[in-house]
Amino acid sequence: MVVFAGQGDPRRSLSLLWRADAPPTRGGPGPRPRLSVDAIVAAAVALADEEGMGALSMRAVGDRLGRTAMALYTYVPGKSELLDLMYDAVHAELPRREPDPDDWRGALTAWAGEVLEFYVRHPWALQVSQARPVLGPHEYAGLDTLVTLLRATGLPAGAVRRLVGTLFPFVRGSAQAVADARLAAAATGSSDEEWWAARSAALLELVPDFAERFPAVSGLEAEGPVEPYPGNAPEGAEAVPYPEREARETFRVGLGVLLDGIEAARADRP
């Protein structure tokens, strides 16, 4: 399910994102803590983290806070504005990094790893399309960090713009692969081993000429499995299920190729 941001009232949404207007200060009756935009957003993020985007509603968030959905509307006009606030709020987790012209590659590698883990922590954020950005302060801070790191490569502005449009989708796609690998067993009720064993046997029986029909794929498989994490494996890597290990290794190799491309572009400059 793809969700498009920025569907609420433009001025109200941006005012909330940038906290441009003073938030309501009145509370409900009794000794209960007063509601606030931040409290509502935090409850909504926790709900989406635990149960996914499909569970998100004003009523469900109100239940978490011990309030009715109507009580929330004083602070947040609706679900569309709430989604914008949630998406921008979690981006505050991304650290700001200083550029290093002498080690731009290391800085970009660290940035990509941090963004990957960010999306794995909040997989619902992957459903928010980047076709229409939220235009909030934390989203802009994340973008500003990447632009700053890419500027340290010495490439011109035009190349930096295109690399931003390359790196973000690459990292998001890699995070989606990791998130899907984690979700598959719970969502389908069968382990990865069970799924592959059943379908591999059926495929071999039903398509005996598979190797002849798809020689490139079969030839690649015939060369043997790729050894994950050559050299120094991350601590605990072997405990990670195979699909997630594959997704993470694909991310590592793919990022290396992209950075090699940046290095080649730098070498081609006068």
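Which helix is Phe-251 found in? Phe-251 is found in helix H12 (residues 242-268); helices here are DSSP runs (H or I) of at least four residues, numbered from the N terminus. This is a predicted model: local features need pLDDT of at least 70, side-chain atom pairs count only at pLDDT 80 or more, and totals for chains, interfaces and linings use all residues. Residues are numbered from 1 along each chain as its sequence is written, and side-chain values use heavy atoms, without hydrogens and water.

**Phe-251**
- Phe-251 counts as buried at 10% relative accessibility (buried is under 20% relative accessible area, exposed over 50%, partly exposed in between; 1.4 Å probe, protein chains only).
- Leaving out residues up to four places away in sequence, Phe-251 touches Ala-112, Gly-113, Leu-116, Phe-170, Val-171 and Ser-174 (contact means heavy atoms within 4.5 Å).

**Salt bridges**
- The structure holds 12 salt bridges, each a side-chain nitrogen of Lys or Arg within 4 Å of a carboxyl oxygen of Asp or Glu.
- Arg-64 and Glu-50 meet in one of them, at 2.4 Å, N to O. Arg-64 lies in helix H3 (residues 58-65) and Glu-50 in helix H2 (residues 37-51), 14 residues apart.
- Arg-64 is partly exposed at 36% relative accessibility. Glu-50 is exposed at 56%.
- Glu-244 and Arg-248 also pair, at 2.9 Å, N to O. Both lie in helix H12, four residues apart, about one turn of the helix.
- A network of salt bridges links Glu-117, Arg-182, Glu-244 and Arg-248.

How values were computed. Helices (H or I, at least four residues) and strands (E, at least two) are DSSP runs, numbered from the N terminus.
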